[in-house]
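Please read them with the structure open beside you.

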Amino acid sequence: MADKAPLISLKNVTREYKTGERTVHAVDGVSLEIARHEFVAVSGPSGCGKSTLIHLLAGLEPPTAGEIFVDGLALHTADDAALTQYRRRHIGLVFQFFNLLPTMNVLENVSFPLLLQGVPSPESEARALELIDHVGLRERADHFVHQLSGGEQQRTAIARALVHRPSLLIADEPTGNLDSHSAAAVMELLEKIGADGLTTLIVVTHSDEVARAASRRVEMHDGKVVRDSSGR
Ligand code: ADP
């Protein structure tokens, strides 16, 4: 039964920022449900609230009002310890600038989150190699970051974000810093991850091509969801 419930449920969520006299409604009364294994692209002009929305979903900041449930956890009432656990166990993050550790090779970068969780080295390496294989970098496992192309770095970052089997992978402009060829490869990989049902995917993007790869498109404007291809 639990699997039928949406993975993510936002109910009338608002996030305000006060700067001096001004109050910005970065996210303004958003209600949204996302099912398990959906691949959702979030787009909209700069400043429309995309980053704020994903920070809320990642448990990086609290809503000013409203309710956010992810995988049964009420993020709007969770304390710091619960949110830290939530981020470690449930969330995988991919950024525009990859954020890999330059002193580590691909295998070490990808296994790192598991080592932090105390998973023994042989087990974490085996799991990391599975993911490295999945992103097509088996031949590069012992390469250091500076020996990789931008696209390969981003594929490494995606493997790292998936290694702990998160229920939700959030990617913020994952192709924003890549040439068109590498961007296409990263897009294809995200599509494959979506199709394989490895995780639920939320990708923030300015790129129409990336948005087309998703199974659902959500568009924001001035903190509100103004279009949702699911019709929900
Ligand atoms: P996007 O990711 O779509 O570019 P953001 O979520 O970054 O949009 O920002 C939405 C609005 O909230 C913008 O007007 C932005 O200036 C404002 N904002 C975001 N973060 C903060 C903050 N920490 N303090 C004040 N205003 C912020």
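1. Which pocket is the space taken by the ligand? The ligand takes up the second largest pocket, where a pocket, on a 1 Å grid over the protein atoms alone, is an open set of points with protein on both sides within 12 Å along at least five of seven lines, and a molecule sits in one if more than half of its atoms lie within 2 Å of its grid points.

2. This is a predicted model, in which local features need pLDDT of at least 70 and side-chain atom pairs count only at pLDDT 80 or more, while totals for chains, interfaces and linings use all residues. Residues are numbered from 1 along each chain as its sequence is written, and side-chain values use heavy atoms, with hydrogens and water left out.

3. The residues surrounding the ligand (a heavy atom within 4 Å) include Tyr 17, Pro 45 and Lys 50. By class, this shell has five nonpolar, six polar and one charged residues, with Ala, Val, Leu, Ile, Met, Phe, Trp, Tyr, Cys and Pro counted as nonpolar, Asp, Glu, Lys and Arg as charged, and the others, Gly among them, as polar.

4. Polar contacts (N or O atoms within 3.5 Å) deserve a look. An oxygen atom of the ligand is 2.6 Å from a side-chain N or O atom of Thr 52, and a ligand oxygen is 3.1 Å from a polar backbone atom of Gly 49.

5. Helix 1 (50-57; helices are DSSP runs of H or I, at least four residues) supplies the largest share of the shell, three residues.

Technical notes:
Polar contact = N/O pair within 3.5 Å; in protein donor to acceptor, adjacent residues only side chain to side chain. 1 Å grid on protein atoms, 1.4 Å probe; cavity = no way out; pocket = protein on both sides within 12 Å on 5 of 7 lines; lining within 4 Å. Helix = DSSP H or I, 4+ residues; strand = E, 2+ residues; numbered from the N terminus.
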